[in-house]
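Q: Hi, I'm new to this one. Could you walk me through it?
A: Happy to, let's look at it together.

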Amino acid sequence: MEGKVLLKVNEIFETIQGEGYFSGHPSIFIRLQGCKVGCSWCDTKHTWNVKLEQQITCQEVITKSEESEQWCNCSVSDIWDIFQTLGFKSKHVVITGGEPCDYDLIELTTFLESKDLQCQIETSGTSLIRVSPNSWVTVSPKINMQGKLTILDSALARANEIKHPVGTEKDVNQLKTLLREYNVSKNTKIYLQPISQKIRATDLCIKACIDNNWALSVQIHKFLNIN
């Protein structure tokens with residue numbers, strides 16, 4: 001297979017999905033480089049910038065021992081070769097970032113699905129979503145962030161789940177506004193996720209979930225101290 005699209009990859013690893021609908025599922029993570037959203041509480045700020053001096057080889061990326069801004073250019077065939085080399089067993093693939101939807105992911109998601117893998121995309125909802133029809137799309141809407149990017153109605157309309165980060169009551173109200181004013185399917189699953197697992201945010205999420213019949217996402221990977 002000849003890969004037509006090159007993706008800037010920060011890391012590829014296998015772990016347990018810790019958030020949202022697929023929480024607890026063994027998953028292969030493909031973390032892409034580059035993001036213009038600018039969340040102040042982001043825990044992957046090393047993926048924001050694409051610096052040419054940080055480009056390394058695919059082999060060097062998969063042997064990275066710590067978080068860094070280093071990235072490599074990968075074709076779809078390169079990514080599949082990495083899966084085979086590392087002997088991944090998981091059937092669920094999470095494409096995240098950074099902002100993965102800054103890239104056209106149709107070729108990658110279509111190919112992985114042809115190998116009987118399920119694809120999930122984690123996006124801020126600020127970029128056009130270009131994935132296969134069967135991909136599971138998780139939109140974590142980032143409102144009024146540093147990058148001043150707009151949430152796209154098309155992204156919320158495509159979402160299979162909305163996973164909303166919450167720190168204060170204002171965040172809950174912003175979600176209610178999104179659900180009221182945007183084209184969100186009644187079948188879209190809604191999760192609230194306390195920012196940084198703070199007690200106040202967690203208590204607020206629990207109350208809002210009960211009041212609105214939403215679900216809670218508590219980032220179990222942080223409690224387990226895994227990637």
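Q: Is the crossing of α2 and α3 right-handed or left-handed?
A: The crossing of α2 and α3 is right-handed. A crossing counts as left-handed if the near helix is turned anticlockwise from the far one by less than a right angle, and as right-handed if clockwise. Helices (H or I, at least four residues) and strands (E, at least two) are DSSP runs, numbered from the N terminus.

Q: Before we go on, what sort of model is this?
A: This is a predicted model, where local features need pLDDT of at least 70, side-chain atom pairs count only at pLDDT 80 or more, and totals for chains, interfaces and linings use all residues. Residues are numbered from 1 along each chain as its sequence is written, and side-chain values use heavy atoms, with hydrogens and water left out.

Q: Back to the helices: at what angle do α2 and α3 pack?
A: The angle is about 40°, and their axes are 10 Å apart. That makes α2 oblique to α3. Axes here are lines fitted to C-alpha atoms, for helices over the stretch in contact, and angles run from 0 to 180 degrees between N-to-C directions. Under 35 degrees counts as roughly parallel, over 145 as roughly antiparallel, 65 to 115 as roughly perpendicular and the rest as oblique.

Q: Which residues meet there?
A: From α2 there are V76, I79, W80 and F83, and they meet E107, L108, F111 and L112 of α3. The residues of this contact divide into seven nonpolar, no polar and one charged. Contact means heavy atoms within 4.5 Å. Ala, Val, Leu, Ile, Met, Phe, Trp, Tyr, Cys and Pro count as nonpolar, Asp, Glu, Lys and Arg as charged, and the others, Gly among them, as polar.

Q: Which residues of α2 are buried?
A: In α2 (residues 76-86) they are V76, S77, I79, I82 and F83. Buried means under 20% relative accessible area, exposed over 50%, and partly exposed in between (1.4 Å probe, protein chains only).

Q: And what do they pack against?
A: The buried residues of α2 pack against β1, β2, α1, β3, β4 and α3.

Q: How does β2 pair with β1 and with β4?
A: Seven bridges join β1 to β2, and these two run antiparallel. With β4, β2 pairs in the parallel sense over four bridges, and F29 has V94 in β4 as its bridge partner.

Q: How many residues of β2 are buried?
A: Six of its seven residues are buried, so β2 is mostly covered.

Q: Last one: is H164 buried or exposed?
A: H164 is buried, with a relative accessible area of 2%. Its place is in strand β7 (residues 161-166).

Note on methods: Pairing = 2+ DSSP bridges.
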